[in-house]
Amino acid sequence: MTLTIKKLLVGATAAASMTAITTTPSFAGNLARPTDIQFTTNGVNNTDANKPNINTWTYGAAQSDNTGIGGVNRRVLNDFTNKGNTNKAIAALTDNDSATNVELFTDGEVVKDHVGFTANLGKNTLKVESVTKDDWADGTLATAWLKGFGNAYGGLMSRIPTTANSNLLQDFNNNFDSLVTALKTTGFNSAGDANIGDITLNQKTGELKVDLVGHLDVSGRYVDTRRTVNNRNNSNYLQSSPDRVRNSTGNAIFDAMLFNLAKTAFLTNTPFQISEIAKITFNDKVDYAFGFSAIDSGAIAGDRNKTNDKTSHTGIYSWSQTYAVVPEPSGLFGLFTVGSLIIASRSKLRKNP
């Protein structure tokens, strides 16, 4: 056998070994989903006697609802628990359906405690929590959130005139530092009790993806968009929404901006999209998941107030971040095996010239 043929065989052996390895589950299925989920409140694991402050929405009896946004038929998340059912919560987080979801902290809009869960993603650790006033205090979240908001709605804000020779975007930029200070002080009451739908980690690229469930359009949270109420003309149409106070930041300047922006978005048929916020700790690195762009969930909450709520759970906001991940042992073993095969083959060549 010539040296050239032997080299070709060595290459073929290595290639075959790599092909075999890439078809093993650890390579074919790069996406990891949460395992060993444990719910906590302020870092303390909850037992049945001390149930976590969570709600869960899943599908119950097969039915549809066309009273939501757009008047389309939607699957109804009509199987919901008022608090604490961890088995149903785990099922919602692991069913590969972003619409079924778990709400973190359910006692009103002012989030007072870190409520969430820990989980494993392969060899990586994850913690997902509600956001409290303290999380805003150092300004990191406030700055990032306001920059994201400005990037998403800067174009629309620039078309909304305010005072002479000014517009909403200029006012936003001129008041940016004071808005950061305001959010550092007060937080954002209604944004911290996020609904978590689905979580995946690409173990090859390190991309963590978290789906947050919310409203496909939040205009109605700030502006009363109902033309009629109880079959009568609504005298409050285009005025402050009944939900405006509980969806406010507490800062008069920014809340006025939110109202004007929501009103303009509604009148121009532009979806106004703002997610809630979740605190993410991945292998001890802290980030905050939020977004300003949603896709239709195809679902709607079964326990919503049908008189004034047509958008609850209709939107999916996907947040992603790329991290350095802990590699799976099977992958490392596979690479070691390939290296061993190549070394062994080369050794044979040297012995049999």
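Two residues count as being in contact when they have heavy atoms within 4.5 Å of each other. Keep that in mind for this protein, a predicted model: among its contacts between residues at least 6 apart in sequence, 68% join residues at least 24 apart.

Now for the overall picture. The protein has 353 residues, and 47% of them are buried. Its secondary structure comes to 10 helices and 19 strands.

Let's look at a pair of helices. Two packed helices are described by the angle between their axes and the distance between the axes. Here, take helix α5, residues 140-158, and helix α7, residues 176-186: their axes come within 9 Å and cross at roughly 130°. That angle makes α5 oblique to α7, and the crossing is right-handed. On the α5 side, the residues that meet α7 are Ala142, Thr143, Trp145, Leu146 and Lys147. Facing them from α7 are Phe176, Leu179, Val180, Leu183 and Lys184. Sorted by class, this contact has seven nonpolar residues, one polar and two charged.

Next, find His313, which sits in the loop between β18 (299-301) and β19 (315-322).

Notes: Residues numbered from 1 in each chain as written. Predicted model: local features only at pLDDT ≥ 70, side-chain atom pairs only at ≥ 80, totals over all residues. Heavy atoms only, no water. Axes fitted to C-alpha atoms, helices over the stretch in contact; angles between N-to-C directions. Helix = DSSP H or I, 4+ residues; strand = E, 2+ residues; numbered from the N terminus. Parallel < 35°, antiparallel > 145°, perpendicular 65-115°, else oblique. Left-handed = near helix turned anticlockwise from the far one by under 90°. Nonpolar A, V, L, I, M, F, W, Y, C, P; charged D, E, K, R; others polar. Buried < 20%, exposed > 50% of the residue type's maximum accessible area, 1.4 Å probe, protein only.
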